[in-house]
Amino acid sequence: MTRLTGTPVSPGIAIGTSQIILVQEIPVVKTSIPPEAAAAEVERLKRALEATIKDVENLKERARSRLSEDFLAIFDAHVIILKDPALLRGAKARIERNGVNAEYALQGSIQDMVRGLMATDDPYFQERAMDVEGLHRRVQQHLAGPLPERTTWSSGERVVILADTLTPSETSTLHNAPVVAFATEHGARTSHTAIIARSLEIPAVVGVKGLTKTAEPHGTVIVDGLEGLVILNPSEAELAEYERRAEAYQRHRKAILRQARKESRTVDGTPIRVTANLDLADEIGSALAAGAGGVGLYRSEFLFLDHSPALPSEEDHLGYYDRIAQAFYPHRVVIRTLDLGGEKYFHAVLDRTERNPVLGVRAIRFCLRQPEIFRTQLKGILRASKRKNLAILFPMITTLQEYQQASEHLEACKRELKAGGVPFDEHIPVGIMVEVPSCALTAEAYAPLVDFFSIGTNDLIQYLLAIDRNNDSVAHLYDPMHPAVLKCIAHVCDAAAAEGKPVAVCGEAAADPMMTPLLVGLGVSELSMTPSSVLEVKNHIRNLSLRACQKLAKKALKARTGAEVAELVKNAVGGAKG
Amino acid sequence: MIRKEVTVCNRLGLHARAAAKLVQIANQFQAHVSLTTNQMCADAKSILGVLTLAAAKGTPLIIEVDGPDEAEALSQIEHLIQNRFGEGE
């Protein structure tokens, strides 16, 4: 029995038989081919390439209804690469001139292709060059003769895919397979595996160190997408335990899914809006299915990263936002303006020589220095706002002056569109993201001016407690329950309430069931989170009493440490529940 | 064989998306399609070739098409480029 941990990216629990997929190491044997057999060898390679193209096209068809156009375009790029005459020509020359077999000739030609794409200076195709390895493996599999792919599966068979990493073309080998879970050694929330798993609604855990080295093929595996656990060769007792948990989760899931459309009100009738944080347009479907009451945070960075090194045009912005606004209508969609910089996101327009980018020219600071980029985005948002369900959120506001400058840019964009006769929502709500302590502590200065506040707890905690979350040595000090964090949130809520303005929370704390009663008690009226948490949190809220939450929050504000707050929440759970 | 000179007129030139669209259209035809700048020549069905041209906005491009369906192929490719690859401006 081996327990491995990773990042849970798609919830649920599944038990099945392992199928291991390794993208690395494609064993290619070099043999000689006599001149008279060369033509047949080229023909064999051609057929393998054609079969691979078909695989990719089939996969695209299967994924069509689930994934967005941008994501589907990756499959098209793969087809174009496989069809590139240079690939076959290079391999053909090797077979004919060097007298080598198709497998070996292909390997050489693939390497040329990867080098060529890497040299093009085109980031999109440079990224695709990474995918070429996966495509290569697939062609080699076809060359290996009768396909290793199984098309029939015995009834009741349950396959758990364990892989180092999964590319779209790797996933195509799973055609028809009864996959019940994924676990991969690499990857993050936005990786291909995570997106596919969430759209298929099966559990997935990524970033599982040592997975492919430890796992054996056809062994029994438990994947716990709730806790981020992978258990190899579980004991009888563990199997029984997880079978029970899997069933319990299914039952629970069905029960809360039935209520997805239902409003989330506390037992004493206060509505708390639960909305989704979206990175990619791909997640629109899962957010809607979970009953998200709109989008509390659309991170527009990905639109920029997608176009790097170029910048998205006003039309690109318009297209993206219009699609999301339409999908969620009549619910509100909050577009956060560009939050480039900091530790996470890179784009060619950023200054990479900054010594401390988290405290450097990021987010609104960057936008105010690059008004052209900022205004292009603002105009895109405005033009997409004609349904009147879009809102604008300025990130990382630190001084009132920044907010005023950002608003002036917005007003200028409105005037420009008006002069051109372009329709837009003239009263589009504008909010600020509270993630810098100075902003939280002076919230009363902003309250009369803004339409809403949105507290970004991830950054607020990082700045308030001086914790770099990516630094393992201090990560344990990162504590959303620290009384200083609660005091900042309370201050924002009080300042907002005095002006009748709503407060949302859109950091990870919003999806933390321990934090929910505290946030509700402090006066937060909207929680925005990753789509896969929406159902759970909505359900949780229906069991809370606002009065009990308010009492709890009052006590928590007097606590001295995060541990004391945690203790209060634990003791209050019975009381806070109605 | 027919040929025509056009100018790349979209803001980003023959970048990823535009190049992919062009190759996809060329792939629909039997005819051989080549693109020539004053620097080099590429097979329009080769993504690697088209990307290597690195044709920026304003680059004059000679399209040469040879094959049974050459007229239709030329007309579609020309339309795509003139139409700024559907990117707007």
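The model is predicted.

Chain A has 578 residues, and 56% of them count as buried. Its secondary structure consists of 23 helices and 16 strands. Of the contacts in chain A with a separation of 6 or more, 70% are between residues 24 or more positions apart.

One helix of chain A can be followed in detail. Helix α18 spans residues 457-465 of chain A, and eight of its nine residues are buried, so the helix is largely enclosed by the rest of the structure. A residue is called buried here when its relative accessible area is under 20%. In α18(A) the buried residues are Thr457(A), Asn458(A), Asp459(A), Leu460(A), Ile461(A), Gln462(A), Tyr463(A) and Leu465(A). The cover over these residues includes both strands and helices of chain A: among the strands are β13 (430-434), β14 (452-455) and β15 (503-505), and among the helices are α16 (437-441) and α19 (483-498). Just after α18(A) comes Ala466(A), which has a positive phi of about 55°.

The next part concerns the two chains together. Where they meet, 19 residues of chain A are in contact with 18 residues of chain B. Between them the two chains bury about 1500 Å², and 64% of this area lies on carbon and sulfur atoms. On the side of chain B, the residues that lose the most area to chain A are Arg17(B), Ile47(B) and Leu48(B), which together make up 34% of what that side buries.

Two helices of chain B, α1 (16-26) and α2 (47-53), each supply at least two residues of the side that touches chain A. The largest share of that side comes from α1(B), with five residues. By residue type, the side of chain B that touches chain A divides into seven nonpolar, six charged and five polar residues.

Note on methods
Residues numbered from 1 in each chain as written. Chains lettered and ligands numbered in written order. Predicted model: local features only at pLDDT ≥ 70, side-chain atom pairs only at ≥ 80, totals over all residues. Heavy atoms only, no water. Contact = heavy atoms within 4.5 Å. Buried area = accessible area lost by both parts, 1.4 Å probe. Helix = DSSP H or I, 4+ residues; strand = E, 2+ residues; numbered from the N terminus. Nonpolar A, V, L, I, M, F, W, Y, C, P; charged D, E, K, R; others polar. Buried < 20%, exposed > 50% of the residue type's maximum accessible area, 1.4 Å probe, protein only.
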